[in-house]
Amino acid sequence: MKTSNVLKKLAAAFLAIVMVITLIPATPANAAKAKKLTMYVGETFWASNYTTVKSVKSSKKSVVKVKKDSSANYKALLTAKKAGKATVTIRTQRGIIKYKVTVKKLNFKVSAKDLGKGNVLLTVTNKTKQIFDSVDVRYTVKDPNGNIITRKTVHVDSLIPGKASYAKAYFTLGAGVTVSSIKGGVIKAKRYPDRAYKNRSGKVNVKAINEQNNGSEVSFQINAVNNCSARVSGNAFILVEDAANNIIDVKSYTISLQEHAVDSSITNKINKNLCPDYDHYKIVVRAYSWTY
């Protein structure tokens with residue numbers, strides 16, 4: 001009798017446990033919390049948890065396109081197509097990767113100036129609130145008859161919100177041919193959507209030292225000092241100007257400094273024969289740091 005009672009009690013306890021378990025909501029082992037991701041039209045982003053991708057899905061393919069990487073089965077490629085919002089779901093062997101993606105339009109102002117002798121000054125102002133590592137600018141040069149003299153793509157680095165960055169482009173100008181118009185626009189922008197960028201331009205001091213002016217040229221060293229506790233990247237643009245502060249030439253120096261580092265290894269010079277209207281120069285800094 002005692003044994004029978006014990007067995008009955010054990011059976012009742014087991015049934016109670018089963019009932020409690022069935023009342024607990026099931027949570028998939030591979031459920032994933034969606035990460036927020038901001039992209040700009042034309043940008044791409046690789047997503048991975050380093051296990052084989054089984055399937056991919058976008059809730060709005062017209063906004064964000066997603067596909068498996070044919071060359072590496074552990075990655076999926078997201079491409080921002082147009083402004084809007086979409087949820088991207090990537091199923092892998094390890095579980096689910098999910099992104100809530102907001103796609104924004106690129107917004108840059110581009111001006112192109114004929115510097116003469118086949119030289120073009122491109123000025124790109126970043127009208128977004130996002131820092132970009134670089135942009136590609138396509139420009140077209142036409143003669144007075146409307147014929148295209150050249151059409152090229154130029155790389156412009158270090159785009160800080162609300163600020164202008166610069167590049168100088170070159171093309172062959174035939175004998176007797178004159179330029180009537182130059183137009184350009186950003187066709188592609190580069191940054192890493194999963195990085196958090198921060199403007200450090202005010203923390204990086206770049207100036208000319210040991211300047212020498214011998215009449216035909218001005219030479220100097222670039223002294224760059226990083227005054228913040230983060231590694232910084234970017235560019236210092238040397239703007240060569242005439243007496244009316246018009247830019248007549250531009251040179252670029254790449255900034256790459258560890259925290260609190262100093263670099264004086266770069267020398268530069270301005271050839272006055274190539275810039276007959278030279279009056280002075282100034283240096284502007286576009287620097288930033290980033291973290292994941």
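Reader: Which residues point one way from E9, and which the other way?
Author: Asn119, Leu121, Thr123 and Thr125 point one way, while Val120, Leu122, Val124 and Asn126 point the other way, and all are buried. Buried means under 20% relative accessible area, exposed means over 50%, and partly exposed is in between, with a 1.4 Å probe and protein chains only. In a regular strand the side chains alternate between the two faces of the sheet.

Reader: Before I go on, what sort of model is this?
Author: It is a predicted model, where local features need pLDDT of at least 70, side-chain atom pairs count only at pLDDT 80 or more, and totals for chains, interfaces and linings use all residues. Residues are numbered from 1 along each chain as its sequence is written, and side-chain values use heavy atoms, with hydrogens and water left out.

Reader: OK, back to E9. Which strands does E9 pair with?
Author: Strand E8 (residues 108-116) pairs with E9 in the antiparallel sense over eight bridges. E9 also pairs with strand E12 (residues 164-170), antiparallel again, over seven bridges. Strands here are DSSP runs of at least two residues (E), helices are runs of at least four (H or I), and both are numbered from the N terminus. Two strands pair if DSSP finds at least two bridges between them.

Reader: Which residues stand opposite each other there?
Author: Lysine 109 is opposite threonine 125 in E9, and leucine 122 is opposite alanine 167 in E12.

Reader: What's in the turn between E8 and E9?
Author: The two strands form a hairpin with two residues between them, and lysine 117 in that turn has a positive phi of about 55 degrees. Most residues other than glycine have a negative phi.

Reader: Where else is there a positive phi in a residue other than glycine?
Author: Asparagine 210 has a phi near 50 degrees, and histidine 260 has one near 60 degrees. Asparagine 210 is in strand E15, whereas histidine 260 is in the loop between E18 and strand E19 (262-271).

Reader: Is asparagine 210 buried or exposed?
Author: Asparagine 210 is exposed, at 53% relative accessible area.

Reader: Switching to the inside: how many residues does the largest nonpolar core have?
Author: That core has 22 residues, and those with the most contacts inside it are Val204, Val206, Phe220, Ile255, Ile270, Tyr278 and Tyr281. At least two residues each come from strand E15 (204-213), strand E16 (217-226), strand E17 (232-241), strand E18 (247-257) and strand E20 (280-291). A nonpolar core is a set of buried Ala, Val, Leu, Ile, Met, Phe, Trp, Tyr and Cys residues joined through side-chain atoms within 4.5 Å. Another core, of 19 residues, lies apart from it, and includes Phe108, Val137, Val154 and Val156.

Reader: What does valine 204 touch?
Author: Leaving out residues up to four places away in sequence, valine 204 touches Val225, Asn226, Val232, Ile255, Leu257, Val285 and Ala287. A contact means heavy atoms within 4.5 Å.

Reader: And what's the strand order in the open sheet of four strands?
Author: The order is E14-E20-E17-E18, with antiparallel pairing. Strand E14 (196-199) and E18 are at the edges with a single partner strand each, so one side of each has no neighbour in the sheet. Four bridges join E14 to E20, and asparagine 199 has tyrosine 288 as its bridge partner in E20.

Reader: What about arginine 195, buried or exposed?
Author: Arginine 195 counts as buried, at 16% relative accessibility. Its place is the loop between E13 and E14. Arginine 195 touches Trp290, Thr291 and Tyr292, not counting residues up to four places away in sequence.

Reader: Which strands form the open sheet of three?
Author: That one runs E15-E16-E19, with antiparallel pairing, and its edge strands, E15 and E19, each pair on one side only. E15 and E16 pair over eight bridges, with isoleucine 209 partnered by glutamine 221 in E16.

Reader: Last one: how many helices and strands are there in the protein chain?
Author: The protein chain has one helix and 20 strands, and 40% of its 292 residues count as buried.
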